[in-house]
Amino acid sequence: MVGGGVEAEDTDLEAALRREVMEEIGATIGPASEFLTLTEPGVKVTVVQNCFRADVLDLDTTRRSGPELDDPDIGDFSPVRVALTASAVRALELHPPELDKHLREHAEHWGA
């Protein structure tokens, strides 16, 4: 899973997705389709998470360039391939819970 935000140079959500995928895992992706939108109202700001599905066309970790790669306190950003099956998705313990539930329900169909 790749995450991030929209930056000033991003023309739309899909452009932000493509940039984040390249920055974080060094990959290019095929057509992307949004499958889930989560909205979390806050006191000062409302956070909207747009979840997309796309096939990885190629991956080269030497192309990674995200700023999070230089911060050891954030964690490990090494790409890991996971089978798109319900059991593999369950083992990931994804957050937020709505995303985890959605992927568990649809993983078998998507992986077919």
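Predicted model: local features only at pLDDT ≥ 70, side-chain atom pairs only at ≥ 80, totals over all residues.
**Overall layout.** I counted the secondary structure next and got three helices and four strands, which run along the sequence in the pattern α-β-β-β-β-α-α. The radius of gyration is 15 Å, close to the 13 Å that the globule rule gives for 112 residues, so I put the protein down as being as compact as a globular protein of that length. Along the principal axes, I found that the C-alpha atoms fill a box of roughly 40 × 35 × 30 Å. Of the 112 residues, 28% count as buried, and the accessible surface comes to about 7,600 Å², of which 53% belongs to carbon and sulfur atoms.

**Helix α1.** I then looked up α1, which covers residues 13–25 and reaches 18 Å from its first C-alpha to its last, close to the 18 Å expected at 1.5 Å a residue. At its N-terminal end I found a cap from Asp12, with a side-chain oxygen 3.2 Å from the backbone nitrogen of Glu14; just after the helix, Gly26 takes a positive phi of about 70 degrees.

**The cores.** The largest nonpolar core has 10 residues in all, among them Phe35, Leu36, Cys51, Val89, Leu94 and Trp110. I noted that β2 (33–40) and α3 (97–110) each supply at least two residues of this core, and that the largest share, four residues, comes from α3. A second, separate core of six residues includes Val21, Ile25, Ile29 and Ala32.

Is Leu94 buried or exposed? I place Leu94 in the loop between α2 (86–92) and α3, and I record it as buried because its relative accessibility is 15%, under the 20% cut-off. Leaving out residues up to four places away in sequence, I found Leu94 touching Met1, Val89, Asp100 and Leu103. On the same terms, Val89 touches Leu84, Leu94, Asp100, Leu103, Arg104 and Ala107.

Conventions:
Residues numbered from 1 in each chain as written. Heavy atoms only, no water. Expected span 1.5 Å × (residues − 1). Polar contact = N/O pair within 3.5 Å; in protein donor to acceptor, adjacent residues only side chain to side chain. Core = buried A, V, L, I, M, F, W, Y, C linked by side-chain atoms within 4.5 Å. Buried < 20%, exposed > 50% of the residue type's maximum accessible area, 1.4 Å probe, protein only. Contact = heavy atoms within 4.5 Å. Rg over C-alpha atoms; globule rule 2.2 N^0.38 Å. Areas by Shrake-Rupley, 256 points an atom, 1.4 Å probe, with all protein chains shown as cover.
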